[in-house]
Amino acid sequence: MSTRATTGPRPAEAARRVSETLYEIPSTFRADMKVPARIYADERLWAQISTDRSLDQLVNVATLPGVTRAAYAMPDAHEGYGFPVGGVAAFDAESGVISPGGVGYDINCGVRMLVSGLHSDDLGDRLEPLVHELSRGIPSGMGRGSHLSLDDAALDRVFTEGCRYLVERGMATREDLEHTESGGCLPGADPARVSRRARDRGRSQLGSMGSGNHFVEVERVERIFDQDAAETLGLEVGHVVVLIHTGSRGLGHQVCTDYVSGMDKGMPEHGITLPDRQLACAPLQSAPGQAYFGAMAAAANFAWCNRQVISHVVRDAFHRVVGADAELRLLYDVAHNIAKVEEHDGRALCVHRKGATRALGPSHPETPAAYRSVGQPVFIPGSMGAGSYVLVGEDASLERSFGSACHGAGRSMSRGEARRRQHGGEVRRALTERGIVVRCPSLKELAEEAPHAYKDVDQVVEVVERAGLARRVARTGVLGVVKG
Amino acid sequence: MRTRRGARRSGVQRVEPVGRRVEGTPGDRPDLWSNRSGYAWVDHTSEATLRLRGPTFAALLEEAARAFVSLVPGHLGGDGPEADDDDDAASGAWRELTLEEGDAASVLVGWLNELVYLAEVERWVPTEVALEAGVDEQEDVMSTGPVRVRARGRTLEQPFVLVKAATLHGAKVRSRSGHLEAEVTLDI
């Protein structure tokens, strides 16, 4: 088996502080590193990030064939499997690799925000019925599937057309597509590369949230940091917004399982030696590399459709509970587990973002036309009940992180430790006492997602801004939570 | 749910979890881990790491199944809807499951991924497991071809989707003091 044990000094001991928000582990730290590892953090976040195996995992990423410039960790980084969560790495599209573990099991897990013209004061006592309707309409939790079930022909259209297919089905608008990363359809999807098992797992899950840290939150804009940008994004203090966080469900999980297993067996053939088997990879231009890319793109398109179908359900719930004139406009939808071929440093690179969000500045051609004056919207949700940030990408992020920012607050402790510190009932009570309406099928899940299990989102976002990756536009507070 | 500890019948192992969970790891609870099979969950910042111990590779597969079933709501450690507790459902027909050949760690990961798929798509979890063929315990637990496992189990009321996958990250099986120990990280 082509793996190598890691021994010797810890990466944190070799790191140097480059600036107030950037640490670097030089490529000389380990003989197999091809590029340095760079971590965006201030002193406090650095202390948290360097306590688990995040840095070891980032160093491992820096050894992969074709990796270029640096392996990056965002300020919310924490230990994952293979790649750290909050990891970004780019590989030469001609000579480099693609790694399913660098995308993760929940392919195109992501976040979208819907913006209403409704002031939270006008919601009044309709909040509770609204959250109740959302929990009824959006299958969540460990066992609930979707109300939709797709045959193979419909699944193939989801894979190849993404959200365009849902325009035809009356569940999406043209404006939704314009405000979704990649128009809600990643090119290159190949349905033939999606296994029967993956289809079986995803067939009845379109429009469902799943479990873990996935959620739908009803929020209220509480603070504006940049008035001009807020106006461009259509955000006003007091207005109700909805944040949706989920991904490709079992379909994406199975695609990753299939290709990690296959590529693990193919390592000797490609002559690749890995420090961690979960980093199994193949040259992007090889047959297995192309097959994975085709399957991953199909799963990514399934995920965009999943969030779009949920949006359709949310809009319907607003119409029924709030009123027929309650409109919800899609502000933006961003992926945070994906691999995309992008142009950086004058060449094509396969950029892996694992728990990291694309954060393009105003000048980038892929920033939606409506946001060219401010930059691509970026969403950074805090822990449950903590509220979220809306930011916009900075042009400088291209040089600093391949145009990436972080995807959340980032866990700071294990689920077990979170459960030991606070019972789910106490978490529910604390949220309820703050006036937050909570719908969650499991007290255990509530305990595992308790606020103390995450880093301080305010601090994480401050580092993102100071590092020049994205800048703050608005902060939201939570009114209601539907947990997976 | 019926429970039998250490039950052996023609190599068939019951995998129901009651009384088999070992709190702590082999390192910090040697009193509990010595001379017995078991499993333990080890803290991981975002996922769940599973440690297993058993005298044979077949026992590791059994413990892995037992640990997996313990995550299902209504079973040990769960707090959600109950599984179907009907005895007829618990004693369903035997089925043969085939795992791809590979080294011991990848077979173990493959076994857990098989359970992930069956629990999600077929709402099925095992209650009894027997390793039929494909593993040579004398050859460092390397599989000698596709690994065949015979199992029967029960049907859940709802698909179980908590576990996304078993990963190869840090996956290992090693021999220690006459027993086998294994570690697998699950994405949850």
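**Exercise 1. Work out what share of the contacts in chain B between residues at least 6 apart in sequence join residues at least 24 apart.**

Start with the contact rule: two residues touch if their C-beta atoms, placed from the backbone, lie within 7 Å. Now keep pairs at least 6 apart in sequence; 62% of these join residues at least 24 apart.

Before going on, some housekeeping. This is a predicted model, where local features need pLDDT of at least 70, side-chain atom pairs count only at pLDDT 80 or more, and totals for chains, interfaces and linings use all residues. Residues are numbered from 1 along each chain as its sequence is written, while chains are lettered from A and ligands numbered from 1 in the order in which they are written.

**Exercise 2. Find how many helices and strands chain B has, and their order.**

Take DSSP runs, numbered from the N terminus: H or I of at least four residues for helices, E of at least two for strands. That gives four helices and nine strands in chain B. Walking along the sequence, you read β-α-β-β-α-α-β-α-β-β-β-β-β.

**Exercise 3. Describe how α2(B) and α4(B) pack.**

Step one is geometry: α2 (residues 57-70) and α4 (residues 104-121) of chain B pack at about 35 degrees, axes 10 Å apart. Here axes are lines fitted to C-alpha atoms over the stretch in contact, and angles run from 0 to 180 degrees between N-to-C directions.

Step two, list who meets whom. From α2(B) come Phe57(B), Leu60(B), Leu61(B), Ala64(B), Ala65(B) and Phe68(B), facing Ala104(B), Leu108(B), Trp111(B), Leu112(B) and Leu115(B) of α4(B). By class, this contact has eleven nonpolar residues, no polar and no charged ones. (Nonpolar covers Ala, Val, Leu, Ile, Met, Phe, Trp, Tyr, Cys and Pro; charged is Asp, Glu, Lys and Arg; the others, Gly among them, are polar.)

**Exercise 4. Is α4(B) mostly covered or uncovered?**

Call a residue buried if 20 or more other C-beta atoms lie within 10 Å of its own, exposed if 12 or fewer, and partly exposed in between, with C-beta atoms placed from the backbone. On that count, 16 of the 18 residues of α4(B) are buried, so the helix is mostly covered. For chain B, with its 188 residues, 51% count as buried.

**Exercise 5. Which element of chain A gives the most to the side that touches chain B?**

The contact takes 40 residues from chain A and 31 from chain B. α11(A) gives the most to the chain A side, with six residues.
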